[in-house]
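Student: I would like to learn how to read a few features of a protein model. Could you walk me through them, starting with the rings?

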Amino acid sequence: MIHTAAPTPVPIARSMTTARRIHPWLGLAALPRLSASQADAYQRSRTAERRRTLSGLTVTLAFLYLLYAAVDVLILGDVVLLSLGLRFGLILPLALVLFWYQAAPARPIRAKEIATLSVVIAGNLVWCIILAASENVAVLDYYYAAVVFQMVVTIALRPGFDLAFQASLVVAAINYGFIGFIEGVTPGYVAYHLAIYVPCFVLTLIGAHQLESERQRAFLQLHENETLKRELSKQNDALLRLSSTDPLTQLPNRRGTEAEIARLRRVMQPHDLENSALLVIDIDHFKAFNDAYGHGAGDECLRQVAEAMRRDLPGDVHLARLGGEEFLAVMPVAETAHAVLLAELLRGAVSALAIAHDHTGDDNRIVTVSIGAACGSIATEPSLARLFEAADAALYAAKAEGRNAWRVADPLANPLANPLAGTAAGERNLDRPTTNAAA
């Protein structure tokens with residue numbers, strides 16, 4: 001008895017979200033820890049959406065930034081020319097270059113995020129220069145708007161948390177580096193300003209952290225689901241191959257043959273399958289071989305016969321083991337001449353093995369095969385069944401004439417009536433009467 005091992009189960013992917021611990025008093029969900037390959041896949045997965053988002057945000061933020069020139073005109077009348085010159089002469093060209101840079105699909109999305117943050121930081125720097133140049137006391141109230149830049153680099157642009165944190169530090173350094181140059185600033189004003197800016201700084205970073213955490217977790221969940229589906233698909237494919245393959249000979253079994261014929265019907269036109277060849281191959285006196293030499297030798301004989309036939313077959317021929325010592329070959333788009341050549345090829349391949357068999361009860365002292373072939377349609381199940389019956393009847397006719405031979409029958413007529421026949425000696429007989437014989 002042949003024992004076959006089931007396909008080794010593919011380990012289901014374990015969670016890829018090994019957590020980094022964050023100080024529990026912050027109450028933050030831990031950011032997932034991505035491997036290098038996962039980080040690359042994560043960036044690729046968000047590229048298309050981020051490209052559109054960044055382009056839209058660039059237009060919106062540039063418009064709002066330039067619109068605030070009107071606020072400068074209304075509040076800071078002493079620096080109008082400086083404001084218009086820096087906003088429209090420096091930041092507007094930078095925004096246009098940024099928009100062009102973002103439009104290139106080949107550039108990594110992280111590089112585009114860094115470029116966008118850089119332009120925002122440049123806008124923050126220009127704003128601080130404008131306000132530091134003004135001697136209007138209203139600039140003190142206006143400077144509270146510094147928190148807007150903090151919100152832009154964290155919540156509005158939604159970069160990765162590491163970029164948001166670094167940009168926040170740079171923005172804070174610029175804002176508080178210039179605060180000492182603001183007209184009328186006092187330590188008390190700085191304290192009031194910090195009372196507003198610091199909570200905004202912390203809360204926007206918390207928001208950026210949570211956004212990044214949720215994005216990564218959603219990606220990892222999708223990634224794990226896709227991985228699970230692929231692994232399950234591989235297991236299903238392995239089980240399908242196992243159920244469709246004869247474990248002894250590694251040839252397709254009956255189910256594998258049904259699947260192949262179904263595939264041919266899907267990929268080929270019905271009229272192309274009208275002329276096909278079907279061959280039934282049976283090892284002669286195999287029961288006597290098994291009884292005399294043992295089942296182990298019988299199994300080895302089956303393996304060698306299967307390998308010899310498979311090795312010499314054209315690539316478009318489907319060879320399968322139906323069970324026991326019986327095999328089946330299917331050749332689509334084939335005429336009778338093709339069936340004759342194929343039958344003789346298979347018969348000769350097995351005979352050339354010269355596997356000793358002293359219990360045949362006839363003149364043959366080696367393992368041989370008898371073959372019955374028929375040509376016709378495999379386009380439908382009824383036509384396939386008729387073709388198989390004709391080939392099977394031709395097989396028995398070949399055995400009745402001494403085995404180690406083949407016969408080709410017309411499936412539309414009685415397969416025993418004047419079939420084309422061949423033997424080991426190459427004899428062809430169109431008229432010899434035949435009778436069924438034992439294997």
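**Aromatic pairs**

Tutor: By the ring-pair rule, the count comes to nine aromatic pairs. The rule takes rings of Phe, Tyr and Trp (its six-membered ring) and pairs them if their centres lie within 6.5 Å; planes under 30 degrees apart count as stacked, over 60 as edge-to-face and the rest as tilted. Keep in mind that this is a predicted model, where local features need pLDDT of at least 70, side-chain atom pairs count only at pLDDT 80 or more, and totals for chains, interfaces and linings use all residues. Residues are numbered from 1 along each chain as its sequence is written, and side-chain values use heavy atoms, with hydrogens and water left out.

Student: How is the pair of tryptophan 127 and tyrosine 142 classed, and why?

Tutor: A pair of aromatic rings is described by the distance of the centres and the angle of the planes. For tryptophan 127 and tyrosine 142, the centres are 5.7 Å apart and the planes stand at 90 degrees, so the pair is edge-to-face. Tryptophan 127 lies in helix H5 (residues 109-133) and tyrosine 142 in helix H6 (residues 139-142), so the pair ties together parts 15 residues apart in sequence. Helices here are DSSP runs (H or I, at least four residues), as are strands (E, at least two), numbered from the N terminus.

Student: And what about tryptophan 127 with tyrosine 143?

Tutor: The ring centres of tryptophan 127 and tyrosine 143 are 5.3 Å apart with planes at 15 degrees, so this pair is stacked. Tyrosine 143 is in the loop between H6 and helix H7 (146-156), while tryptophan 127 is in H5, so the pair ties together parts 16 residues apart in sequence. Trp127, Tyr142, Tyr143 and Phe149 form one aromatic cluster.

Student: Are tryptophan 127 and tyrosine 142 buried or exposed?

Tutor: The cut-offs are under 20% relative accessible area for buried, over 50% for exposed, and partly exposed in between (1.4 Å probe, protein chains only). Tryptophan 127 and tyrosine 142 are both buried, and tyrosine 143 is buried too.

Student: Which charged group sits over the ring of tryptophan 100?

Tutor: A charge sits over a ring if NZ of Lys or CZ of Arg is within 6 Å of the ring centre and within 35 degrees of the ring normal. The charged end of arginine 107 is over tryptophan 100, 4.9 Å from the ring centre. Likewise, arginine 87 lies over the face of tyrosine 65, at 4.6 Å from the ring centre.

Student: Let's turn to strands. How many residues of strand E4 are buried?

Tutor: In a regular strand the side chains alternate between the two faces of the sheet. In E4 (residues 369-376), eight of its eight residues are buried. One side carries Val369, Ile371, Ala373 and Cys375, and the other Ser370, Gly372, Ala374 and Gly376.

Student: Which strands pair with E4?

Tutor: Two strands pair if DSSP finds at least two bridges between them. E1 (residues 276-283) runs antiparallel to E4 and is joined to it by eight bridges; isoleucine 281 has isoleucine 371 as its bridge partner. With E5 (residues 406-409), E4 pairs in the parallel sense over four bridges, and alanine 373 is partnered by valine 408.

Student: How many disulfides does the search find?

Tutor: With a disulfide defined as a pair of cysteine sulfur atoms within 2.5 Å, the whole structure has zero. Cysteine 128 is buried, at a relative accessible area of 0%, and cysteine 200 is buried at 14%.
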